[in-house]
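I opened my notebook to look through one chain from end to end. These are my entries, in the order I made them.

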Amino acid sequence: MPLNNDVTRFLDELHHPLRQEIEALRLIILQANAFLEENIKWNGPNYSIGPEDRVTMRIQPPKQIQLVFHRGAKVKEQPKGRLIQDASGLLVWRENDRAIASFKHMEAVKAGEQALAAIVRNWIAATV
């Protein structure tokens, strides 16, 4: 579960007011699936398996952190139903293959940690 040094340097230069939340989310995501690789996309941390992006962290504007769950950059045929179930209510669905989880403070990150780890595991299983 290695943090990518380039991502860390990128974040160091931002002086983001929610840096602690970003770091906590980075660890939750990377610990949830050993095959995820961390890089930068859309000016924020991004998580992929091989060449396929799966979770992208939206960190601007700096009022909240959003995790965008998707199936990569290329448009794919929509599944008939949502790709995963989310009993926690963390996900807001944009399409059946695209959802967003939002965090405004550390308490929300901590409260959602277990559910978020399960969402990441399930998302990867459903999209790889």
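**Entry 1: a loop residue.** I began with His15, which sits in the loop between α1 (5-14) and α2 (19-32). The model is a predicted one, so I kept that in mind from here on. I looked up the backbone of His15 and found phi near 55°, a positive value although the residue is not glycine. Is His15 buried or exposed? His15 has a relative accessible area of 68%, and the cut-off for exposed is over 50%, so it counts as exposed.

**Entry 2: another positive phi.** Next I checked Asn43, where phi is near 60°, again a positive value in a residue other than glycine. Asn43 has its place in the loop between β1 (37-41) and β2 (44-49). With a relative accessible area of 54%, Asn43 is exposed.

**Entry 3: a peptide bond.** I then went to Gln60 and Pro61, which are joined by a cis peptide bond with omega at about 0°. I noted it because most peptide bonds are trans. Where is Pro61? I found Pro61 in the loop between β3 (52-58) and β4.

**Entry 4: the overall layout.** I stepped back and listed the elements. The chain has 3 helices and 6 strands. Read from the N terminus, they run α-α-β-β-β-β-β-β-α.

The C-alpha trace spans about 40 × 30 × 25 Å along its principal axes. A compact globule of 128 residues would have a radius of gyration near 14 Å, and the chain has 14 Å, so the two agree. Of the 128 residues, 45% are buried. I looked at contacts with a separation of 6 or more too: residues 24 or more positions apart account for 51% of them.

**Entry 5: surface and charge.** The chain exposes about 7,200 Å², and carbon and sulfur atoms supply 50% of that. I looked up the charged side chains and got 17 positive and 15 negative, with the centres of the two sets 6 Å apart.

**Entry 6: aromatic rings.** How many aromatic pairs does the structure hold? I found 2 aromatic pairs. Phe69 and Trp123 form an edge-to-face pair, 5.7 Å centre to centre with 65° between the planes. Phe69 lies in strand β4 (residues 65-69) and Trp123 in helix α3 (residues 106-127), so this pair ties together parts that are 54 residues apart in sequence. Phe69 and Trp123 are both buried.

Trp93 and Trp123 form a tilted pair, with 6.1 Å between the centres and 40° between the planes. Trp93 belongs to strand β5 (residues 92-95) and Trp123 to helix α3, so here the parts tied together are 30 residues apart in sequence. Trp93 is buried, as is Trp123.

**Entry 7: a lysine to finish.** I ended with Lys76, in the loop between β4 and β5. Lys76 has a relative accessible area of 31%, which makes it partly exposed. Which residues does Lys76 touch, leaving out those up to four places away in sequence? I wrote down Glu52 and Arg71. I also looked up Asp53, which is 23 residues from Lys76 along the chain; their C-alpha atoms are separated by 13 Å.

Conventions. Residues numbered from 1 in each chain as written. Predicted model: local features only at pLDDT ≥ 70, side-chain atom pairs only at ≥ 80, totals over all residues. Heavy atoms only, no water. Helix = DSSP H or I, 4+ residues; strand = E, 2+ residues; numbered from the N terminus. Rg over C-alpha atoms; globule rule 2.2 N^0.38 Å. Buried < 20%, exposed > 50% of the residue type's maximum accessible area, 1.4 Å probe, protein only. Contact = heavy atoms within 4.5 Å. Areas by Shrake-Rupley, 256 points an atom, 1.4 Å probe, with all protein chains shown as cover. Lys, Arg positive; Asp, Glu negative; His and termini not counted. Charge placed at Lys NZ, Arg CZ, Asp CG, Glu CD. Phe/Tyr/Trp six-rings, centres within 6.5 Å; stacked < 30°, edge-to-face > 60°.
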